[in-house]
Amino acid sequence: MTLENISTIEKENLKEKAQNKQKKKNKSIKIYRSFLTFVIILCIFQMGRSAFLNISKAIMYQNKISQSKKLKEEAKKEHEILEKSINSNAAYGQIVSIARNNLKMAAKNEVLIIINKTQEDENQEDESMRDKFLKYFLNFMEKESGQ
C-alpha cells in the first residue's frame, strides 16, 4: 500500500469514529432532554393539581364562612327575641329568684357568698324534722283513734 492509501483509510476510520462519537453524544443528549421534558411535565402536573386543590379548599372555606355568618345572624335574632321575652315577662322576678336561690347565680356587681353547714347543723335539722314528723304522726293517730 502506498502512503496515500494509508492516509485515506485512516481518514475514513477517523470520520467513522467521529461520526460514532457524535451519534453517541446525540443519543445521550436526546435521553437527557427526554428526561428533562418528563420532569418538567411532572412539575407542571403537580402545580396544576395543587392549584386545583387550593382553589377547591378556598371555595369550601368560603361556603363555611357564609354558613357561619348565617348561623350567627340567626342566633343574634333568636337572642334578641329571647331577651325581649324575658324583659317583658311578668315572671322576671321569679326567674331571678330561681337563678339566685337554686342555681347560685349572682347579678352584675354582686358577690355571692355561700355558707356551708356543718355536720352538727345537719344532724340538728334531721332531728328537728324527725320530731316534727313524729308529732304530726301522733296527732294524726289521736285524731283517727278519736273518731
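Let's start at Tyr136, which sits in helix α3, a stretch covering residues 119-146. Keep in mind as we go that this is a predicted model. Is Tyr136 buried or exposed? Its relative accessible area is 59%, and because the cut-off for exposed is over 50%, Tyr136 counts as exposed.

Together with Phe133, Leu134, Phe137, Leu138, Phe140 and Met141, Tyr136 forms a nonpolar patch. The accessible area of these residues together comes to about 760 Å².

Now step back to the whole chain. Which elements make up the fold? Helix α1 spans residues 3-88, helix α2 spans residues 92-101, and helix α3, where we began, takes in residues 119-146.

How much of the protein is buried? Buried residues amount to 1% of the 147 residues. The protein exposes about 14600 Å² in total, and 59% of that area is supplied by carbon and sulfur atoms.

Finally, a word on confidence. The mean pLDDT of the protein is 80, with 80% of its residues at 70 or more. Among the elements, helix α1 has the highest confidence, at a mean of 86, while helix α2 has the lowest, at 72. Where pLDDT is low, the predicted coordinates should not be read in detail.

Note on methods:
Residues numbered from 1 in each chain as written. Predicted model: local features only at pLDDT ≥ 70, side-chain atom pairs only at ≥ 80, totals over all residues. Heavy atoms only, no water. Patch = residues over 30% accessible without salt bridge, like charges linked within 9 Å, V, L, I, M, F, W, Y side chains within 5 Å. Areas by Shrake-Rupley, 256 points an atom, 1.4 Å probe, with all protein chains shown as cover. Salt bridge = Lys/Arg side-chain N within 4 Å of Asp/Glu carboxyl O. Helix = DSSP H or I, 4+ residues; strand = E, 2+ residues; numbered from the N terminus. Buried < 20%, exposed > 50% of the residue type's maximum accessible area, 1.4 Å probe, protein only. pLDDT = per-residue confidence, 0-100.
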